Amino acid sequence: MNKQRKYRPLTIGDVLINAFMVLVVLICFVPFLYMLALSLSSPEAIINNKVSLFPVGLNFEAYHQIFTYPNFFKAYGNTIFYTAGGTLISLFMSALFAYAMSKRFLKGHKLVMMLIVFSMFFSGGLIPTYLLISDLNLTGTPWAMLLPFALNQFNLIILINFFRAIPAEIEEAAIIDGLNYFGILQRVILPLSTPALATIGLYTAVFFWNDWFNGLIYLNTQQYPVMLFLRNIVNGTAMVGDGAGAADKSTIAMSIKSAVIITSTLPIIILYPLLQRFFVAGLTVGSVKG
């Protein structure tokens, strides 16, 4: 006999929560939709304030100017490299560090945890950090964007607590089978930690993708990330709309700014749904029985 699923009736609390979440989605989505409409609208529609949430007078000139701008694809490629490389390095180092710190029998682990928490609230400052990276001869190289930010205290704490939540019986069984700690980390812990790794990987990727200030300090012009390119356009330092009048330049600049915002944020927006399924995955489903 087929059992029909019984649904709990909606309460006022459920309606309020759903309404609040819809409001939050609209608050996040409407500005993005407005930027998209501006980037695809004609200059006349932008000047006359006719653009709302949908394009008026479909026009791809802003995207044409961006894609023909000499440094745009170079900056985009730099950002992809920094994001991919920085995320992989961060995940590798965070997993090694967090697995060691998840062992309470490790001598000195309490002191190291205190230092990790302390460094979350206090840092050496901008100038000492720059002097350190300069003395290490990292300025003007991609390593200045990758190595200094390979470890994040918040991500470490998430991963340490996640590793500690894995039942000890799993590791004991692996030790009996002859695995050492590196083998346990590679073959047992990391496969069970996909949700945590996906979470901190997304956090790290967003950080590297949005980072422009460190690129401004440490890198040369040809090494700039796309967010620094966006910042230069927003501040008016990039040359847009040459040969046009003042009003036309302002309109073209507005559409180009919107187009750059869309093209620079779209990859992260696409990436999030692909990783979201890992957030709700079970930790040790089927691993321990009895």
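I begin with Asn180, which counts as partly exposed because its relative accessibility is 48%; here buried means under 20% relative accessible area, exposed over 50%, and partly exposed in between, with a 1.4 Å probe and protein chains only. Asn180 sits in the loop between helix 9 (168-176) and helix 10 (181-192). A polar atom of the Asn180 side chain lies 3.3 Å from the backbone nitrogen of Phe182.

A word on the source: this is a predicted model, in which local features need pLDDT of at least 70 and side-chain atom pairs count only at pLDDT 80 or more, while totals for chains, interfaces and linings use all residues. Residues are numbered from 1 along each chain as its sequence is written, and side-chain values use heavy atoms, with hydrogens and water left out.

Overall, the protein chain has 14 helices and zero strands; helices (H or I, at least four residues) and strands (E, at least two) are DSSP runs, numbered from the N terminus. Of its 290 residues, 36% count as buried.

Let us turn to helix 8. At its start, a side-chain oxygen of Asn152 comes to within 3.0 Å of the backbone nitrogen of Phe154. Helix 8 comprises 13 residues, 153-165, and should span 18 Å at 1.5 Å a residue; its end C-alpha atoms are 19 Å apart, which agrees. That expected span is 1.5 Å times one less than the number of residues.

Which residues of helix 8 are buried? They are Asn155, Leu156, Leu159, Ile160, Phe162 and Phe163. Seen down the axis of helix 8, these buried residues fall within an arc of 165°, so they line one face of the helix; the arc is that of the directions from the helix axis to the C-beta atoms. Their cover includes helix 4 (72-101), helix 5 (109-121), helix 10 and helix 11.

Is Asp211 buried or exposed? Asp211 counts as buried, because its relative accessibility is 7%. Leaving aside neighbours within four places in sequence, Asp211 is in contact (heavy atoms within 4.5 Å) with Met145, Pro225 and Met227.

Finally, the annotation. An unreviewed UniProt entry lists several ranges as "transmembrane region", including residues 12-34 and 145-167; such annotations may be inferred rather than shown by experiment. In the model, residues 12-34 are 100% helix, and residues 145-167 are 65% helix.

Technical notes: Polar contact = N/O pair within 3.5 Å; in protein donor to acceptor, adjacent residues only side chain to side chain.
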